[in-house]
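Welcome, and please open your viewer.

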Amino acid sequence: MRTRMARTRSALAALLLALAALASGCAATIKPWDRDLLAQRKMKLVPSDREAATDRHVYFSKEGSTGGAGVGGGGCGCN
Amino acid sequence: MQLDRRSPLRARLGAAACVLLASAPAAPAAADTSTDPAPGASATQLELSGLVYGEKGRTDVLEPTVRVTRLFANGQSLTAEAGFDAMTGASPTGGVASLRTQTTTSASGQSTSIPASQVPTAMFRDQRESFDLGWSVPVGPFTATTGGHFSHEKDYRSLGANAVVTLDLLQKSVQLTGGAGMNRDRVDPVGGAVRGLTPGDPLGTAPDPKRVTSMLAGISRVMSRRWLAGVSATREVERGYLTEPYKVLDVLDPATLETAQQLREKRPELRTRTSVLASSTWHFGDAGGDVGYLNYRWYTDDWGVRSNTVDLKWRHDLDDRHWIQPHVRGYSQRQADFFRYYLVQGEPLPAFASSDERLGPLRTVTVGATYGFQVPNLPGEWSVRAEYLHQWGPGKLTRPQAAVAGGDDDGGDAANGGTVDLMPAVHIGSLLVSYSIGF
Amino acid sequence: MGAPGVARLERVDDHFAGRFTAMASPCEVLVDTDDPRVADAALEAAEHEARRVEAKFSRYRDDNVVYAINHAGGRPVAVDDETAALLDYARTCWDASGGRFDITSGALRRAWTFDGGDRVPDDATRRAALASVGWRRVTWRDRELTMPAGMELDFGGIGKEYAVDRAAARVAAVTAAAHVVNFGGDLFASGARRGGQPWAVGVDDPGRTGAAALWRLEFERGGLATSGDARRFVMHRGRRLGHILDPTTGWPVDGAPRSVTVLAATCLEAGTLSTLACLAGAGAKAFLDAQGVRYWIVE
């Protein structure tokens, strides 16, 4: 069993790798004539703010994890 | 009209151009059902939603919310949101199901009898109001957003503020995000706070407020014409009174494994959480094609809770006005270090202990779908989402035989030993209806 | 997310210049007045119209009549007066050009990548793209458009010039001062400046961005538009192929000039004639001579 420190370290390493992958690559920007699909409203990382907010509230009160995408939202007495 | 000579082609084009330039720009055609504000013009967006949520045998929640966003000509925007939760039902106390009936005391001061073999719960009725305000300002390639939050329940009050900055690079192909937030929550338990790991000795003072500081960093990127991806990480530190004021821990008699005593749970006063979220959105086919949204979140904290979450949504447009989006989510959690289903009399008391199932080993599977539609001749967009959530965990307790001498009030239960489920499955259904319109 | 830039007004010599970004281009409104309020009203009118036309006819949005038409899946779509007039105009252009000016030809871009490299689509790809092209496959009648599924309309070839004329008309409704509306090089001048002075317009050298203008034109009233393929091209067997595609063959037009600038009565007419000239390929000069317009051409 690896120690918690070692697991956190390797997790952070994986994170840095993912960040590097995202930040690097051909720094080719996407040409304006290729942004047709991207202009659609459904092309987002989070399809619905309302559903995401509802999920955050539901899972905060039913599970032990939080977070991932936002900061400083609301607290409630349900956990 | 031009006086120079015109070719027949020019005459034809000129005539057609005359008609075109004289045509009245109509009010938006029937096909234009945009609720996005027109660029450069101020516009208001209103969203109403209602959530109905029910746990089988447990809680029912009704939650309407209203959100208004106003976009100004200079690119700034203001958002205000108000929400109201009405909650009723039963919440597990943390005690262990028994082969005899038990009575429990609840936060609302009511008393109830629990049939055998069921996890004891306490009745509650509560309501919560919440208000959020946000203001967003574009500054060159940056966008700065600040927000505030206030919410209030009978025994809980939360205040929060946050600031997030995003930076667009490479003609909006890459976006960096950085943010920080703070919360200050105060809990005021009914009956006053009690000392942890005691049967109910009062704490004597009001519990420390819960102070949370959180930080966020993320990057998202347009990978190709049809693929968006992003990674973000958050870190939260919570300090203060983090114990659940009404949860109890059963202390079992070592011989019969029946509850001999109940103690209030106790959690540390510090919790550091880290989570990393990787997201990917992929557009299949051309305009009108399906879009898949895949998320994976890894979470860990210094209480020992570790979890993995996978979430997949699939958007399919039925036509211009209707779409469906099925959804499936899987969650798996490892228990907190101090999680205990129960304590056993005679063993030394741990420093911290909680039998709150939400800190235990559990799995959740969610299956659902959203249906989005526009009503003909009615502006605005609707969406309806139905979801089913199934949560379960391991943990069984087998009691030795002859635990009970006959003649109980409740008219009987096993005179032999039996096995009870310490974390019985939870079934939750929810329905979320939203309506959004722009002016 | 985020406005594409706030409109700015500034004083230049003896007139005002308002600038903003729309339709992926730098937009400019020049007003020959000393009154900043007049200039501001003119800028607001022009910007409003630019954004309105862009929002309505851009193929990059999922909430306008173009999106509805492109996703009707073969079903008829009823359109409003303005869209009907624009479709009529596009049909006239198609008819007058022998089918080479075709607003359904956007699908051909799926087959070609004009990045200066040497990738050319094979026959199968080209023919597949051609299967989704051709105004003759469209039924436009009784204010209803019926287009086979998989085809798409693209007003990019006339949208900006149309927006210029519309914006200039709105400015004229707001002030009598002489003005120029210039959206990314497609422009309209409303008349002589104070003192009878003409407007001076420079035509860019297509081969060298940022270099001094190739020509300097002076005129008082009219529309000016430039077509050409200096920047987007592909190399094939040592030959340079421009990005203007012939919708009847699926190949770039042979011998198209690098740059054609036309002065006509309206920006829409100027833009149509300069595009038709490019589509005429090696016959561009002869075509323009036959139309009786002033033009400037770089082969």
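**First stop: chain C**

Select chain C: of its 299 residues, 49% are buried (20 or more other C-beta atoms within 10 Å of the residue's own, with C-beta atoms placed from the backbone). This is a predicted model, in which local features need pLDDT of at least 70 and side-chain atom pairs count only at pLDDT 80 or more, while totals for chains, interfaces and linings use all residues. Residues are numbered from 1 along each chain as its sequence is written, and chains are lettered from A in the order in which they are written.

Now colour chain C by secondary structure to find 7 helices and 15 strands (DSSP runs numbered from the N terminus: H or I of at least four residues for helices, E of at least two for strands).

**Second stop: two helices of chain C**

Select residues 36-57 of chain C, helix α1, and residues 156-174, helix α5. Their axes lie 8 Å apart at an angle of about 145° (lines fitted to C-alpha atoms over the stretch in contact, with angles from 0 to 180 degrees between N-to-C directions). Residues in contact here, including C:Ala45 and C:Phe57 in α1(C) and C:Tyr162 and C:Arg166 in α5(C), have C-beta atoms within 7 Å.

Show chains A and B together: 42 residues of chain A are in contact with 77 residues of chain B. On the chain A side, α1 (4-23) and α2 (49-62) each supply at least two residues. Which helix gives the largest share of that side? Select α1(A), which contributes 7 residues.

Note on methods:
A residue is buried if 20 or more other C-beta atoms lie within 10 Å of its own, exposed if 12 or fewer, and partly exposed in between; C-beta atoms are placed from the backbone. Two residues are in contact if their C-beta atoms, placed from the backbone, lie within 7 Å.
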